[in-house]
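Here is a short note to read beside the model. Please keep the 3D view open and follow the points in order.

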Amino acid sequence: MAIRQLSETLINQIAAGEVIERPASAAKELIENALDAGATRIEIATSGGGKALLRVSDNGSGMDAADLELAVRRHCTSKISETLEDIRTLGFRGEALPSIGSVARLSIASRRRDSAGGHEIAVAGGKIAHIRPAAANPGTIVEVRDLFFATPARLKFLKTEKAEAGAITEIVKRMAIAFPAVRFVLSGSDRTTLEFPATGDDHLARMAQVLGKEFRDNAIALDAVREEISLTGFAGVPTFNRGNSAHQYAFVNGRPVQDKLILSAIRGAYAETIPSGRHPVAVLSITLDPALVDVNVHPAKSDVRFRDPGLVRGLIVGAIREALARDGSRAATTGASDMLRSFRPGFQPNSQRPQTAWSAETSPSRPYQPTTGFGERPQASLDGLSMPTARAEPQFSPQPAAPEPNARYPLGAARAQIHANYIVAQTEDGLVIVDQHAAHERLVFEAMRKALHSKRLASQVLLIPEIIDIPEEDCDRLMQHAAELSELGLAIERFGPGAIAVRETPAMLGEVDAHGLIRQLADEIAEWDTASGLSAKLEYVAATMACHGSVRSGRRLRPEEMNALLREMEVTPGSGQCNHGRPTYIELKLSDIERLFGRS
């Protein structure tokens, strides 16, 4: 068969198969063009999930007749000249408009600000019509109708109208986060109108518009630089998490991307702080020299390649972990909301009343006079907890130093222990409920992690070694990593073909269920064991050990033990969640309590 040159229309249709996968792909390309044109207001209208109609209007710089004629021809662009090493715009290939025009009915009406009138051009199935004068405001209106009418086979691969409309919404949200100074309006017959007013330089305000106001209250600011690569943005506290990764947004030089390296770095930064199956909420913006990143590796420009990926990953992981250590121990504000929803009062408070912060002066009624500090006498029910506990060894200081008169304690003073597992503490403006097992598990883990980087953990020798019978293959796996386990204070030996002898356990764990610990470690090593050994997973093993050696649920604590636990939590990084990512405490403000009784 002889080789022949393909027609221009067929070439554009082939390119459209790579660039325009669905209506959301066309919306992304058109919004990028509007942003590159300097638009401050972008309006998107859809019908039929974008298949029947997709219209993008902007107030950008506009185009004249000559520009319009070239805009619908392949590889014609104003954004690059001779090199791909200095790309500072969202678009640069000159493929989007001709690709859309080859598979849909495309019309573009545009007018420059300094022009007396506008012009319009139309393309249908790759056939370009003549340019004609048109009435138009300064800016550009691009209208796409009957997407994929020229390639009907592609229509079979599209999802429902609702799903396609949702994909366009997600594109608009990502663009809105990246450009807070631009007003976005998304409307149409297939959706309710969505509007994001411009917020100027206030990026967090725009993020609150997109991600919800809860994100503002649960976000930690990021600002880090490493070798001329800067990282800014916000990361949610670990207890503020979601069921999927759709709430993770990444931008490289202002370009929204869904890069695997960045998403992997986010997962690594939140390791041991997020429950399995849950995902953190984060918005990251990476700025670097365009020569250090290749944006021309994916037809839709959603992936990028960094010249030094290790440096970028290290920057992300380090910045997020530093932020979590600094401010990530607080509980998510949504915990109190979840608690309030769990109550079922006999009446419903007036929802029309303003949700103002509680204060003694503005409260409509007060059953007691306000006091300062935590000087109230303990509850009578707490007096009975002064008996010796089941375990004599202290896991934290049993008799902390007397508090300073003017000291401020964020987690307050212990007032009671309920159901032998939850500590109720009074704060200056509310109360805190602490899960004693989850909290102490985190404290032990942080102590083990700190010791890992300094020296071998202290161990306690068992008077009689414990012999654990497990399958021979599990014994082999454990013995391959005996040296690493020894660094954690766990000394094991082979005891026959199908048994392990535990001779030493970490001293800080106190009494340990050696059988349960060894079996769990064997299962975990079997699941993720690699040729690199256990050294890369020592912190994960430390978390498992901490869980087995923490204050158990059901243990009654003395008042001084409860207060000592609270004080240690206040100074321990990451104490707001346990090693499995569950919250260790929930804070309830007095304003929340008053709402329960309809008093605010």
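1. Start with a term. Two strands pair if DSSP finds at least two bridges between them. Keep that in mind for the sheet below. Note also that this is a predicted model.

2. Which order do the strands take in the open sheet of three? The order is 22-24-23, and the pairing is antiparallel. Strand 22 covers 459–469 and strand 23 covers 491–494. These two are the edge strands, and each pairs on one side only. Direction ignored, neighbouring strands of this sheet are turned by 20° against each other on average.

3. Now look at one pairing. How many bridges join strand 22 to strand 24? There are seven, and the two strands run antiparallel. Strand 24 spans residues 499–506. To find a bridge on screen, pick E466: V502 in strand 24 is its bridge partner.

4. Helix 13 takes in residues 472–480. Helix 13 lies across strand 23 and strand 24. Its direction is at about 130° to that of strand 23.

5. Then step back to the whole protein. Its secondary structure comes to 18 helices and 25 strands. The protein has 600 residues, and 48% of them count as buried. Buried here means under 20% relative accessible area.

6. Finally, contacts and surface. Take the contacts between residues at least 6 apart in sequence: 72% of these join residues at least 24 apart. The protein exposes about 29400 Å². Carbon and sulfur atoms supply 52% of that area.

Note on methods. Residues are numbered from 1 along each chain as its sequence is written. This is a predicted model: local features need pLDDT of at least 70, side-chain atom pairs count only at pLDDT 80 or more; totals for chains, interfaces and linings use all residues. Side-chain values use heavy atoms; hydrogens and water are left out. Helices (H or I, at least four residues) and strands (E, at least two) are DSSP runs, numbered from the N terminus. Buried means under 20% relative accessible area, exposed over 50%, partly exposed in between (1.4 Å probe, protein chains only). Contact means heavy atoms within 4.5 Å. Accessible areas come from the Shrake-Rupley method with a 1.4 Å probe; for residues, only the protein chains shown count as cover. Axes are lines fitted to C-alpha atoms, for helices over the stretch in contact, and angles run from 0 to 180 degrees between N-to-C directions.
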